[in-house]
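Student: I have a model on screen and want to learn how to read its features. Where do we begin?

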Amino acid sequence: MEIRIRDLVEAGLYKSEEEVMEEALRLLLQDRPHLRVALAVHRYRTDPELTLAQAAAIARVSVESM
């Protein structure tokens, strides 16, 4: 049997499905830092307003490492 996002909300563990997804994403990126770096690189390449310093902050690495 699968666990659905709405089950967590209906059980009163989260206020909304959005809150579940936000925490799941936060924990995923915390557990897999390479995904955070890849996301930062993607954003830097595709968002002309994103600075290198902002991309480094997303990746949680130094500007030099970025």
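Tutor: Begin with exposure. Buried means under 20% relative accessible area, exposed means over 50%, and partly exposed lies in between (1.4 Å probe, protein chains only). Take R26: at 43% relative accessibility, R26 counts as partly exposed.

Student: What kind of model is this, and how are residues numbered?

Tutor: This is a predicted model: local features need pLDDT of at least 70, side-chain atom pairs count only at pLDDT 80 or more, and totals for chains, interfaces and linings use all residues. Residues are numbered from 1 along each chain as its sequence is written, and side-chain values use heavy atoms, with hydrogens and water left out.

Student: In which helix does R26 lie?

Tutor: R26 lies in helix α2. Helices are DSSP runs (H or I, at least four residues), as strands are (E, at least two), numbered from the N terminus.

Student: How do I read a salt bridge?

Tutor: Side chains of opposite charge can pair when their charged atoms come close. The cut-off is a side-chain nitrogen of Lys or Arg within 4 Å of a carboxyl oxygen of Asp or Glu. By this rule the count comes to three salt bridges.

Student: Which residue does R26 meet in a salt bridge?

Tutor: E23. The N to O distance between the side chains of R26 and E23 is 3.6 Å. Both residues lie in helix α2 (residues 17-31), three residues apart, about one turn of the helix.

Student: Is E23 buried, exposed or partly exposed?

Tutor: E23 is partly exposed, because its relative accessibility is 26%.

Student: What N to O distance goes with the salt bridge of D7 and R4?

Tutor: For D7 and R4, 2.8 Å. D7 has a relative accessible area of 25%, so D7 is partly exposed. R4, at 37%, also counts as partly exposed.

Student: And what is the N to O distance for D47 and R43?

Tutor: There the side chains meet at 4.0 Å, N to O. D47 is at 24% relative accessibility, so D47 counts as partly exposed. R43 has a relative accessible area of 34% and is partly exposed.

Student: Now the nonpolar surface. Which residues form a nonpolar patch?

Tutor: First, the rule. Patches are made of residues with over 30% relative accessible area and no salt bridge; like charges are joined within 9 Å, nonpolar side chains (Val, Leu, Ile, Met, Phe, Trp, Tyr) within 5 Å. Here L25, L28 and L35 form a nonpolar patch on the surface. Together they have about 230 Å² of accessible area. Accessible areas come from the Shrake-Rupley method with a 1.4 Å probe; for residues, only the protein chains shown count as cover.

Student: Where is L25 found, and how exposed is it?

Tutor: L25 is found in helix α2. Its relative accessible area is 48%, so L25 is partly exposed. L27 lies in helix α2 too. L27 is partly exposed, at 40% relative accessibility.

Student: What about E18?

Tutor: E18 is found in helix α2. At 56% relative accessibility, E18 counts as exposed.

Student: How do I read two helices against each other?

Tutor: Two packed helices are described by the angle between their axes and the distance between the axes. Axes are lines fitted to C-alpha atoms, for helices over the stretch in contact, and angles run from 0 to 180 degrees between N-to-C directions. The axes of α3 (residues 33-46) and α4 (residues 52-59) come within 8 Å and cross at roughly 160°. That makes α3 roughly antiparallel to α4. Angles under 35 degrees count as roughly parallel, over 145 as roughly antiparallel, 65 to 115 as roughly perpendicular and the rest as oblique.

Student: Is the crossing of α3 and α4 left-handed or right-handed?

Tutor: Right-handed. A crossing is left-handed if the near helix is turned anticlockwise from the far one by less than a right angle, and right-handed if clockwise.

Student: What should I look for in phi?

Tutor: Most residues other than glycine have a negative phi. In R60, phi is near 60°, a positive value in a residue other than glycine. R60 sits in the segment after α4. At 60% relative accessibility, R60 counts as exposed.

Student: How far apart in space are R26 and R36?

Tutor: They are 9.8 Å apart, C-alpha to C-alpha, and 10 residues apart in sequence. For E18 and V63, the values are 31 Å in space and 45 residues in sequence.
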